[in-house]
Amino acid sequence: MAFIETERLLLRTWMPSDAAAWLAIAAQPDVARYLPGVAEPTRSDVEAWLARQMEEEEREGFSCWPVVRKADGALVGRCGLHRMADGDVEIAWAFDRNVWGAGYATEAARAALAFARDERHLARVVALVDPRNARSIGVTHRLGMRFDRVVRAYRRDLLRYIA
Ligand SMILES: CC(C)(COP(=O)(O)OP(=O)(O)OC[C@H]1O[C@@H](n2cnc3c(N)ncnc32)[C@H](O)[C@@H]1OP(=O)(O)O)[C@@H](O)C(=O)NCCC(=O)NCCS
């Protein structure tokens, strides 16, 4: 069971009871815009996604974890790791539109990268970002990730960054 603590946040294992809170974030158009998957997710889409996260956690010992704000216990986003079909591990992040600009994505992703490096000894972690997603590119810069190349993934042309 994952449990990572940062100054303001907790990253932990998903629970079925997180579905409503995550749906409220995933359904925001600004959040869904550059994410793979449907633009207007339903409760059953979110439940299926959560089930896949819990399976990945069992199999790999990581997932794209829920991020909880310590100050009030609110689920404010997701951030974590995913093993792709080619074997590489991807880092991903998405946060409630209402908390953008607070540095939460950078804080959570820094902790997820430290987990990948220190706990899992992964040689590299990649991020795949839509070239129009300036805020996400900003996160890669704050993390010190380096641009590698353009790749075709999730049926889009995406910028591949490496940590
Ligand atoms: C991508 C996404 C997570 C970025 O969120 P974000 O809040 O802009 O990113 P950060 O957590 O790095 O926060 C940086 C901002 O917080 C500010 N900030 C405040 N306190 C901070 C702190 N302690 N540390 C770092 N930044 C801080 C920074 O100045 C910066 O503000 P600016 O964008 O106005 O310059 C968000 O836009 C999102 O959820 N998008 C939808 C989902 C998505 O597209 N995901 C990516 C798929 S590849």
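**Close-up views of a predicted model**

**View 1. Ala-127 and its contacts.** Not counting residues up to four places away in sequence, Ala-127 touches Ile-91, Trp-93, Thr-140, Met-145, Leu-159, Arg-160 and Tyr-161 (contact means heavy atoms within 4.5 Å). This is a predicted model: local features need pLDDT of at least 70, side-chain atom pairs count only at pLDDT 80 or more, and totals for chains, interfaces and linings use all residues. Residues are numbered from 1 along each chain as its sequence is written, and side-chain values use heavy atoms, with hydrogens and water left out. Ala-127 lies in strand S6 (helices, H or I of at least four residues, and strands, E of at least two, are DSSP runs numbered from the N terminus). Ala-127 counts as buried because its relative accessibility is 1% (buried is under 20% relative accessible area, exposed over 50%, partly exposed in between, with a 1.4 Å probe and protein chains only). The C-alpha atoms of Ala-127 and Met-145 are separated by 8.5 Å. Along the chain, these two are 18 residues apart.

**View 2. Helix H5 and its cover.** Helix H5 spans residues 134-142. Ser-136, Ile-137, Gly-138, Val-139 and Thr-140 of H5 are buried. Their cover includes strand S5 (89-95), helix H4 (104-119), strand S6 (126-129) and strand S8 (156-162). Gly-144 follows H5, and its phi is positive, near 75 degrees.

**View 3. Helix H1 against helix H3.** H1 (residues 19-26) and H3 (residues 43-60) pack at about 115 degrees, with axes 9 Å apart (axes are lines fitted to C-alpha atoms, for helices over the stretch in contact; angles run from 0 to 180 degrees between N-to-C directions). H1 is therefore roughly perpendicular to H3 (under 35 degrees is roughly parallel, over 145 roughly antiparallel, 65 to 115 roughly perpendicular, the rest oblique). H1 brings Ala-19, Ala-20, Trp-22 and Leu-23 to the contact. H3 brings Arg-43, Val-46, Glu-47, Trp-49 and Leu-50.

**View 4. Aromatic pairs.** The structure holds 5 aromatic pairs (rings of Phe, Tyr and Trp, the latter by its six-membered ring, pair if their centres lie within 6.5 Å; planes under 30 degrees apart are stacked, over 60 edge-to-face, the rest tilted). One of them is Trp-14 with Trp-22, edge-to-face at 6.1 Å centre to centre and 70 degrees between the planes. Trp-14 is buried at 3% relative accessible area, and Trp-22 is buried at 2% relative accessibility. Trp-65 and Phe-115 are also edge-to-face, with centres 5.2 Å apart and planes at 85 degrees. Trp-65 lies in strand S3 (residues 64-69) and Phe-115 in helix H4, so this pair ties together parts 50 residues apart in sequence. Ring pairs also link Trp-14, Trp-22 and Trp-49 into a cluster.
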